Amino acid sequence: MARVLKWVAGIAGLLVVLLIGTVVALHRWTGTEDFRGRLAGEATAALGVPVRLGGLSVDLWPLPAVAASDVQVGTQPPLALGRIEARPLWAPMLRGRLEIATLVVREAVLPQQGIAALGAVMQKRGRKPAAGGTPAPAGPSSATALWPRRVLLDRVTWVDAKGGRITVDAQARLGDDGLLDDAKLKVVQGRFAGAQGELRRDAGGWPLKLSIGGGTIAGVLRLVPTAAGAQLLTGDLQTKDVEISALTAPSRTLSGRLQAQTQLRAEFREPGQIGEVLQSQTRFTVADAVVHGLDLARAVQTVGMSRGGETRLDTLAGQLATRGSTAQLSNLVASSGALTATGQVALAADRGLSGRVTVDLATVKGALGVPLAVGGTLDAPSVTLSRGALIGAAIGTAVAPGVGTGAGARLGDQLGDKLKGLFGR
């Protein structure tokens, strides 16, 4: 028995020595310029854009993993990843199939324009004709099998098209069916700093809870296949006591506590399309609302010539419809003492504002009602009279100063709508 134990111990020791020797050899091999160059070439061929690897390593502790550091993806602008760690599933590897258990991305900077450029290149490559001239089939590629079961993001920074940065810590885990099981996210720096949220799949969908701006956004997301072979994402969300300026940052045009009910809908074939096709319908009210940079009462009294100031509102309510990055405010109603405003306002993808607001103001001389054209941007809104309203205001002032100004402006605006060739906008 003693001899058998000695043989077992000797074999075990030999295996340990071989394992250590293999790891050391792998470390040296993966650290060579030749190996890095070959792997970077393979990544470049797969992505269709230049890829540079600063370093490679094979780790056994705390878990077996292959890691790449100082990764640069040559999009315009480039993507920079401080470190990527891939931890494989060993059982599939023994059967000759690569499956990634966990993917860790640390200290990455991902510009929106670079991601879009990479997506466009990969989509174009994925639809090239195969050998023999037959187009490659649309839909998920074989790379889907390489999607990791779990993803960890450590201080990953997203840079939007205007240069704004959001740095997050996040994690997500996929189920055996390839759909999301659960996810957590925390914004550690940037536009929504301090916000955190989580969702976890159950039988009814994906319950979501997000804490932001001192309040919460909660609800359920659902995903079902359509008859046309696409996916349909729907959701119902309720917003409670969220400081609205936390959602519009860095713009601080409007502040107050938001209460809202939102319905979401997006039909897509690829997950990357969601941002473009997502539609929402929201009914909202804002308590203790303040419009910064715009004094509506003064704008009425000066027939749209006033700039700056602020407007405190007792009530603010309306409906918001969005599609992609555009938004439309409708049935907008605001009141503050003697002031009441109604109208429609559109927000373009470049944050530009356009629309009409009619403001009624009770004064000692009577009621002033002036239609104002909304312009400027979300960060610097402005209101002016349309050409027709401006002419009407001038006539009204001449006929009956004070009250006649507002009446003339409203009449002039109505005439301007009917006689656009005369009055213009």
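## Two residues in a predicted chain

Asp202 is partly exposed, as its relative accessible area is 42%. Do keep in mind as you read on that this is a predicted model. Asp202 sits in the loop that links β9 (196–200) to β10 (206–212). Within that region, a polar atom of the Asp202 side chain lies 2.9 Å from the backbone nitrogen of Gly204. Asp181 is 21 residues away from Asp202 along the chain, and the C-alpha atoms of the two are separated by 8.4 Å.

Now to Thr262, which belongs to strand β13 (residues 254–268). Is Thr262 buried or exposed? With a relative accessible area of 11%, Thr262 counts as buried, because the cut-off for buried is under 20%. The side chain of Thr262 makes a polar contact with the side chain of Thr282, at 2.9 Å.

| Residue | Relative accessible area | Class |
|---|---|---|
| Asp202 | 42% | partly exposed |
| Thr262 | 11% | buried |

Let's step back to the chain that holds them. Ten helices and 21 strands are found in it. Of its 425 residues, 33% are buried. The chain exposes about 24300 Å², with 62% of that supplied by carbon and sulfur atoms. As for contacts between residues at least 6 apart in sequence, 41% join residues at least 24 apart.

Conventions:
Residues are numbered from 1 along each chain as its sequence is written. This is a predicted model: local features need pLDDT of at least 70, side-chain atom pairs count only at pLDDT 80 or more; totals for chains, interfaces and linings use all residues. Side-chain values use heavy atoms; hydrogens and water are left out. Helices (H or I, at least four residues) and strands (E, at least two) are DSSP runs, numbered from the N terminus. Buried means under 20% relative accessible area, exposed over 50%, partly exposed in between (1.4 Å probe, protein chains only). A polar contact is a pair of N or O atoms within 3.5 Å; within protein, one must be able to donate a hydrogen and the other to accept it, and residues adjacent in sequence count only if both atoms are side-chain atoms. Contact means heavy atoms within 4.5 Å. Accessible areas come from the Shrake-Rupley method with a 1.4 Å probe; for residues, only the protein chains shown count as cover.
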